[in-house]
Amino acid sequence: MAFAVPLSKPNCPDMCGNVIIPYPFGIGQECSANPSFTIDSRNFTNPKTPFLSSLNLQVLEVSLRRGIVIVNQPVSPMNCSTQQKEQSLGKSLFGTPFIFSRFYNVLIVLGCKNVVLFDGL
């Protein structure tokens, strides 16, 4: 006889939309291990859309087996100019329990005379 093992804390939902939300993540602060792992289940679409509240990024997948959280990082447009400017792309993970994966990320840069540096890998 097989028993289903709950993925979330007792009395907490384990899905938002089509995404399974396993503990230590949780929908709402009372269901997560700490604020870094809190998921907001937002009503933007039907089905609902999960967001990692600490970074305000849409969650596409959580896999405890692979140790990953896949999020949707919006495109960051930058304009070409004759001035040399330093601009930051995306979100900083400083102070969070998360890191950028060397295996699951793809960076594509299009534009004029670009130089890209990764700091803190």
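Glu61 is partly exposed, at 30% relative accessibility; by that term I mean a value between buried, under 20% relative accessible area, and exposed, over 50%, computed with a 1.4 Å probe on protein chains only. The model before you is predicted, so local features need pLDDT of at least 70 and side-chain atom pairs count only at pLDDT 80 or more, while totals for chains, interfaces and linings use all residues. Residues are numbered from 1 along each chain as its sequence is written, and side-chain values use heavy atoms, with hydrogens and water left out.

Let me stay with Glu61. Which side chain does Glu61 meet in a salt bridge? The partner is Arg66, at 2.3 Å from N to O. A salt bridge here is a side-chain nitrogen of Lys or Arg within 4 Å of a carboxyl oxygen of Asp or Glu. Arg66 also counts as partly exposed, at 33% relative accessibility.

How many salt bridges does a search of the whole structure find? The search finds two. Asp40 is partly exposed, with a relative accessible area of 29%.

I turn now to the strands. Strands (E, at least two residues) and helices (H or I, at least four) are DSSP runs, numbered from the N terminus, and two strands pair if DSSP finds at least two bridges between them. In general, strands of a sheet pair through backbone hydrogen bonds, either parallel or antiparallel.

In this model, five strands form an open sheet in the order 3-4-5-6-7, with mixed pairing. Strand 3 (26–27) and strand 7 stand at the edges, each with a single partner strand, so one side of each has no neighbour in the sheet.

Gly26 stands opposite Thr38 in strand 4.

Strand 5, residues 49–52, runs antiparallel to strand 6, residues 57–63, and two bridges join them. Leu52 has Leu57 of strand 6 as its bridge partner. Four residues lie between the strands of this hairpin, and Asn56 takes a positive phi near 55 degrees.

Finally, strand 6 and strand 7, residues 68–72, are antiparallel and joined by five bridges. Glu61 stands opposite Ile70 in strand 7, and Val62 has Val69 as its bridge partner there. These strands form a hairpin with four residues between them, and Gly67 in the turn has a positive phi of about 70 degrees.
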